[in-house]
Amino acid sequence: MRFGKSHRDAPSPPTSDSEKVDGDHGLESARNHRPVTADKLARKLSARQVQMIAIGGTIGTGLFLGTGKSLATGGPASMLIGYAIVGFIVFVTMLSLGEMAAFMPIAGSFCTFAGRFVDDAFGFALTWNYWFNDAVSTASDLVALQLILQYWTTKFPGWGLSLIFWVLLVAANVVTVRVYGELEYWLSLLKVITIIIFIILGIAVNCGGNTTGEYIGGHNWFIGDAPFVGGIGGFASVFVTAAFAYGGTESIAITAGETKDPARTMPKVVRNVFWRILLFYFLSILILGLNIPYTTPGLDGKDSRTSPFTLVFQMAGSTAAGSFINAVIMTSVLSAGNHALFAGTRLLYSLAVDRHAPKVFAKLNRNQIPWIAVLATSAISILCFGASFIGAGQLWTWLQNIVGVSNQLSWIAIGVASLRFRAGIKAQNKEHLLPFKNWTYPWGPWFSVILNSFLVLVQGWSSFSPSFSAVTFASLYIELPIMFVMYLGWKLLKRTTIRFCCGDQTLDA
């Protein structure tokens, strides 16, 4: 995985959001020097900022709060195995995405790729789906703030805190992309440092450096129903939570449209994904499962929840340490919401550019920010105020399910687009022009498509056990019919065609 000499001598990457890349001939026509509509966005994100955003930008509620739910419903072994499987899926998916993003650095990223290499209707449905994903993610992060606040007090209205942070997020995303980049850089750096401290402290706590002074070891893996809790239903429920936790990793490619020298920066970002998964997720989850019993109260409450990370710091014997990590988690939630709002805004902008949404959403301010798209995306966050009536913990779980399934659908789409992209490149004997090659092709994209499809269908097992829950079932499966209807509707309205590559021809079906 390196840059070849042929890339330096190759034509510039494709530059037009308005061009349609159809099979073989489309790839050729894309590599020209016509103006790029999406390139009206300012390329002001530095390699330093993009690297740090990729490493820690999406570490938020999924890891800090979602792991508590996974531990309570699935047990330590189910949680570890589930997150490891989803982590591997994300890794091979990012290799596929990195290959396309380095070749075609555009704001719409994989959503645009799906439209160009598969079917315009597919890209339409996927982009709207992922925009809704990011908008709901922002709302879920604002709901999570209410859960975190309850660690200190229940007297301050949760909606008030959500409103304050909502204003901060909108302001950071409307002013200039430099503000977003710099804010995300420092918040991400803080999360990375905190995770490293947590791993060291967690090992110490497990070895006896806790309030009781006793060695814990693997004791919590053998209490009650551990290490597998809830049977198949408990194990299956972990996957949608894990998908929510890893979600946003793929959205780093959306920053390619505003990244300096994306052909060189994006491959470096993709290579870091493996270490991020290993260090920040796998090791953290292993330590949580060893130190925190799945029976601990507050891990999966309807109205309030406590982060298992906070509990580990408390076990070290310091109340101040618990408050410190809770404060860091709060900044992490702000960071994740900031990242989701940024990505959702750029997708809505891409929809407008591709004439899949009203043109008003493509309007830029003097700092080249799609400010109307920012306001529209952030408006979905009004969902967070429903916590006052439903219960913050319950609402957050439903939003988490919706976002988790949406992430899995996006990973499936990336795999399909990757297969079509490489088929066109290979048919033209232009693989030497790729600045970054996915070494798992073709088995990697196929693995992602097949396994994700299977998980989307079976992970709703928990909605049937111990009794059927209509709301939980809807939150786990509502994305499927919505995306299908959007795809079919756009296909019939615009009479789009599925693109099949076959030698030197493009076959329309």
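Rings of Phe, Tyr and Trp (the six-membered ring for Trp) pair if their centres lie within 6.5 Å, with planes under 30 degrees apart called stacked, over 60 edge-to-face and the rest tilted. By that rule, the structure holds 22 aromatic pairs, and we'll visit some of them on this tour.

**Before you click**

What you have open is a predicted model, where local features need pLDDT of at least 70 and side-chain atom pairs count only at pLDDT 80 or more, while totals for chains, interfaces and linings use all residues. Numbering runs from 1 along each chain as its sequence is written, and side-chain values use heavy atoms, with hydrogens and water left out.

**Stop 1: the whole chain**

Start in cartoon view. The chain has 19 helices and two strands (DSSP runs numbered from the N terminus: H or I of at least four residues for helices, E of at least two for strands). Of the 509 residues, 61% are buried; buried means under 20% relative accessible area, exposed over 50%, and partly exposed in between, with a 1.4 Å probe and protein chains only. Among contacts (heavy atoms within 4.5 Å) with a separation of 6 or more, 79% join residues 24 or more positions apart.

**Stop 2: the core**

Now select Tyr83, Phe113, Tyr281 and Phe309. These have the most contacts inside the largest nonpolar core, which has 123 residues. A core here is a set of buried Ala, Val, Leu, Ile, Met, Phe, Trp, Tyr and Cys residues joined through side-chain atoms within 4.5 Å. Colour helix 7 (residues 120-149) too: its 16 residues are the largest share of this core.

What does Phe113 touch, leaving aside its neighbours within four places in sequence? Show Leu97, Met100, Ala101, Met104, Ile106, Val118 and Ala417, and you have its contacts. A second, separate core has seven residues, including Ile53, Val177, Phe342 and Val374.

**Stop 3: ring pairs**

Go back to helix 7 and pick Trp128 and Trp131, which sit three residues apart, about one turn of the helix. Their ring centres are 5.5 Å apart and the planes are at 85°, so this is an edge-to-face pair. Trp128 counts as buried at 18% relative accessibility, and Trp131 is buried as well, at 11%.

For a stacked pair, select Phe198 and Phe313: 6.4 Å centre to centre, 20° between the planes. Phe198 belongs to helix 9 and Phe313 to helix 12 (residues 308-315), so the pair ties together parts 115 residues apart in sequence. Both of these Phe residues are buried.

**Stop 4: salt bridges**

How many salt bridges does the structure hold? Three, counting a side-chain nitrogen of Lys or Arg within 4 Å of a carboxyl oxygen of Asp or Glu.

Zoom in on Glu99 and Arg422, where the closest N and O atoms are 2.4 Å apart. This pair links distant parts of the chain, helix 5 (residues 66-103) for Glu99 and helix 16 (residues 392-427) for Arg422, 323 residues apart. Both Glu99 and Arg422 are buried, with Arg422 at a relative accessible area of 7%. Arg422 also forms a salt bridge with Glu431, at 3.1 Å between the closest N and O atoms. Glu431 is partly exposed, at 23% relative accessibility. Shared partners join Glu99, Arg422 and Glu431 into one network.

Next, find Lys491 and Asp119, whose side chains meet in a salt bridge at 2.9 Å, N to O. Lys491 is in helix 19 (residues 479-494) and Asp119 in the loop between helix 6 (109-117) and helix 7, 372 residues apart. Lys491 and Asp119 are buried.

**Stop 5: out to the surface**

Finally, select Ile196, Ile200, Phe274, Trp275, Leu278, Leu279, Phe282 and Leu283. Together they form a nonpolar surface patch with about 690 Å² of accessible area. Patch members have over 30% relative accessible area and no salt bridge, with nonpolar side chains (Val, Leu, Ile, Met, Phe, Trp, Tyr) joined within 5 Å and, for charged patches, like charges within 9 Å. Helix 9 (177-206) and helix 11 (262-291) each supply at least two of the residues, and helix 11 gives the largest share, six.

Is Ile200 buried or exposed? Ile200, in helix 9, is exposed, with a relative accessible area of 57%.

Technical notes: Areas by Shrake-Rupley, 256 points an atom, 1.4 Å probe, with all protein chains shown as cover.
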